[in-house]
2 protein chains.
Amino acid sequence: MATASDGGARPRSRPAVLGDVAALAGVSAMTVSRVLNTPHRVRAETRARVLAAVRELDYWPNSAARQLVTGRSGVLGVVSIDTTLYGPASTLYCIEQTARLSGYTVSIASLSALNRRSIEEGVHRLRSQSVDGVIIVAPHESAADGLRHLPPDLPVVAVDAGEDIPVPVAMVDQRAGAIRATRHLLSLGHETVWHVGGPADWIDASGRIEGWRGVLEAEGRSVPEPLRGDWSPRSGHQLGRRLAADPSVTAVFVGNDQMALGVLRAMRESGRRVPEDVSVVGFDDIPESAYFWPPLTTVRQDFREVGRHAFHLLLDRMAGDEEGERRRLVEPDLVVRESTGTPQRP
Amino acid sequence: MATASDGGARPRSRPAVLGDVAALAGVSAMTVSRVLNTPHRVRAETRARVLAAVRELDYWPNSAARQLVTGRSGVLGVVSIDTTLYGPASTLYCIEQTARLSGYTVSIASLSALNRRSIEEGVHRLRSQSVDGVIIVAPHESAADGLRHLPPDLPVVAVDAGEDIPVPVAMVDQRAGAIRATRHLLSLGHETVWHVGGPADWIDASGRIEGWRGVLEAEGRSVPEPLRGDWSPRSGHQLGRRLAADPSVTAVFVGNDQMALGVLRAMRESGRRVPEDVSVVGFDDIPESAYFWPPLTTVRQDFREVGRHAFHLLLDRMAGDEEGERRRLVEPDLVVRESTGTPQRP
DNA sequence: ACCGTTCCTGTTAGCGTTATCGCGAAAGGG
DNA sequence: CCCTTTCGCGATAACGCTAACAGGAACGGT
């Protein structure tokens, strides 16, 4: 034993283990374990002695050993697409914050590609690190296939996913957001509303299109063919030019704020004033939106709330609730700024 | 044994362990372990039999057991401030990508506050999950104190940190970026350059101020008092108004792109044209910058490169290189767009 | 006085993996 | 042909912790 030759415990080389603490406190290893896990089951005086020894030796439990015997690791996995994007980054951030409060650590696996294989691989990487559960942030249609073929014994929930998948889902109600944005524009007096949407296989993009189309149809307005961008300002700019060239366009609902930025620029370049000639609404409410020119009317998504919901759904799942909630929707808010107004007819 | 009553191995309830594979392949557990860790030390034929059994049973090693005996977990920790910010998010993303290629998983600990205690707590959380090493992303002066009081036996590197700390550092050369931005403005013919900087205790903010001031002093120009914002568009807007009110201001170097956005808006609101009346340079090159109005001249930081460097520094550290590199700087690039030009004197 | 009960602590036996040593067989060297 | 060396594999003993049981002491009710 190294402890013997240490002659006390001062210049310890090897980190202290349970046995060292037990020896110093004059109790069994089991009692030390109990002090750490179920303190109320140990006499106050003994507990104090053990805790003193813990502090003296600077003892910290070995998570691997604990995990080996309990079967739980206290680690959650998050499989996510590009965490550089505002939405996923915010969601991840909030998942971590929430998880921490409940004593969980979060491990991540970012995806470069997005398909069944990459998702399986991401889940697998985390699983082989023995995570207790996994949250998947992959808002793509193509991800659904991955979500249907998960290891059956691993608790999983998804953020932003379609309707017909076998895991619980937390997400912002995209339809509701699109409905609010579109109604807002109609209520200002616009004949109809054009749409610049996100890429075809994004769940969010589809939801927003549905909501937008639904309102127009319900109100009996003409439904222009939606344009599809790739979320980037560049694509918004390109598509914005097409819309700017059409004088009948007076209101545009854009799928996210970054593309809306591109649209704003395209309008300006084409000499169409916002909001006098054309009204523009975005989606997301990124921190920059309020400082666009003009400040952007947009739909705010509470990603923090989504993260919280996802975590709690997962917690239910890990507790074994097979019949828990299957879907938690977060209501988005319309933030009206200066990029929308009553159309001014010549 | 559950295996016995399983009657084969088809409807397994309990996940397979090493012993199950060994039994099926007709070898000892140790041989299976060798096939997985040092395949070349096993006869090809035996190896094939074992691998077949591994596939048949869908065996995956238990990381906790492995870790318990080897002492290594294959997990890296990243302690970071708000990973919603573009810089930290990008860095984190790239650390994860790089780490994955070397077989490491990444666990995260975001900080809400930033001081010695919060950093120690973050490092501690990860450490108690037995990470093999930690990367700290905390670009604050106040973090330095935390960096000086780390557990001595844990490999740690930092991203964005001051000069006098005892761990290796990877970062963008902020001074160099500021120097390029300032020289660019002077070369266009501006008398001097104003500065809107980040919060006082941010390392990056200090570096940018130093670079900016250094150029002005070297060129014998007057050095205006720098203004300090908080990185947000809002603060850039407020400070931009002050600058817009001063007709002698013709060039502004702003500490990040978001504040630059606010400055652009303030200038416009005050009737000062960019770049005809005032030139503006930002820092970061966030994806939106090219679509600001006007498109923003800015300094691009390659966060991906920073992430890569940080990981490799940590790898050296974990290999035991006490005397490895201590500082890796990444050169930033000036991206000239349309927010800068020759001052037009009346 | 006796018999549950409750409280507190210890003993034993793993959890699933790899380090280490050992042994027989095959291979190389004189 | 004998003596080393290498190769391929197995037996055993940890790694550090907790589940499960066991047992003694103290307590209260009959």
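How many residues does the contact take from chain A and from chain B? In this predicted model, the contact takes 38 residues from chain A and 39 residues from chain B. On chain A, the elements that each supply at least two residues of the side touching chain B are H5, helix H6 (86-101), strand E2 (105-110), helix H11 (233-244) and helix H12 (257-269). H6(A) gives the largest share of that side, 6 residues. By class, the side of chain A that touches chain B holds 16 nonpolar, 16 polar and 6 charged residues.

Strand pairing also links the two chains. E2(A) pairs with strand E2 (residues 105-111) of chain B in the antiparallel sense, over 3 bridges. Within this pairing, Val106(A) has Ile108(B), in E2(B), as its bridge partner. Strands of a sheet pair through backbone hydrogen bonds, in either the parallel or the antiparallel sense.

At least two residues of the surface near DNA strand C are supplied by each of helix H3 (29-37) and helix H5 (63-70) of chain A, and by each of helix H3 (29-37) and helix H5 (63-70) of chain B. This surface has 14 nonpolar, 7 polar and 4 charged residues.

DNA strand D is surrounded by 24 residues, and the closest are Leu18(A), Ser33(A), Ala65(A), Thr31(B) and Thr46(B). Two or more residues of the surface near DNA strand D come from each of H3 and H5 of chain A and H3 and H5 of chain B. Its residues divide into 14 nonpolar, 7 polar and 3 charged.

Chain A also contains an open sheet of 4 strands, ordered E7-E6-E8-E9, with parallel pairing. Strand E7 (227-228) and strand E9 (279-281) of chain A each have a single partner strand, so these edge strands are each left with one side lacking a neighbour in the sheet. Strand E8 (residues 251-254) of chain A is joined to E9(A) by 3 bridges in the parallel sense. Ala251(A) has Ser279(A), in E9(A), as its bridge partner. Helix H9 (residues 174-187) of chain A packs on the sheet, where it touches E8 and E9 of chain A, and its direction makes about 170° with that of E8(A).

E6(A) pairs with E8(A) in the parallel sense over 3 bridges, and the bridge partner of Val196(A) in E8(A) is Val254(A). E6(A) and E7(A) also run parallel, joined by 2 bridges, with Gly197(A) standing opposite Arg228(A) in E7(A). The chain passes from E6(A) through H10(A) to E7(A) in a right-handed β-α-β crossover. Helix H10 (residues 203-218) of chain A lies across strand E6 (194-197) and E8 of chain A, and runs at about 170° to E6(A).

The residues of E6(A) were examined for direction and burial. Trp194(A) and Val196(A) point one way from E6(A), whereas His195(A) and Gly197(A) point the other way, and all are buried. In a regular strand, side chains alternate between the two faces of the sheet.

Val299(A) counts as buried because it has 27 C-beta neighbours inside 10 Å, the cut-off for burial being 20 or more. Leaving out residues up to four places away in sequence, Val299(A) touches Gly177(A), Arg180(A), Ala181(A), Phe283(A), Asp285(A), Pro332(A) and Leu334(A). The C-alpha atoms of Val299(A) and Ser279(A) are separated by 14 Å, with the two residues 20 residues apart along the chain.

In chain B, 4 strands form an open sheet in the order E7-E6-E8-E9, with parallel pairing. Its edge strands are strand E7 (227-228) and strand E9 (279-281) of chain B, each of which pairs on one side only. Strand E8 (residues 251-254) of chain B runs parallel to E9(B), and 3 bridges join them. Val252(B) has Val280(B), in E9(B), as its bridge partner. Helix H9 (residues 174-187) of chain B lies across E8 and E9 of chain B at about 170° to E8(B). Helix H10 (residues 203-218) of chain B packs on the sheet and touches strand E6 (194-197) and E8 of chain B, its direction making about 170° with that of E6(B).

Technical notes
Residues numbered from 1 in each chain as written. Chains lettered and ligands numbered in written order. Predicted model: local features only at pLDDT ≥ 70, side-chain atom pairs only at ≥ 80, totals over all residues. Nonpolar A, V, L, I, M, F, W, Y, C, P; charged D, E, K, R; others polar. Pairing = 2+ DSSP bridges. Contact = placed C-beta atoms within 7 Å. Axes fitted to C-alpha atoms, helices over the stretch in contact; angles between N-to-C directions. Buried ≥ 20, exposed ≤ 12 C-beta atoms within 10 Å, placed from the backbone. Right-handed = clockwise from strand over helix to strand, strands pointing away. Near = placed C-beta within 6 Å.
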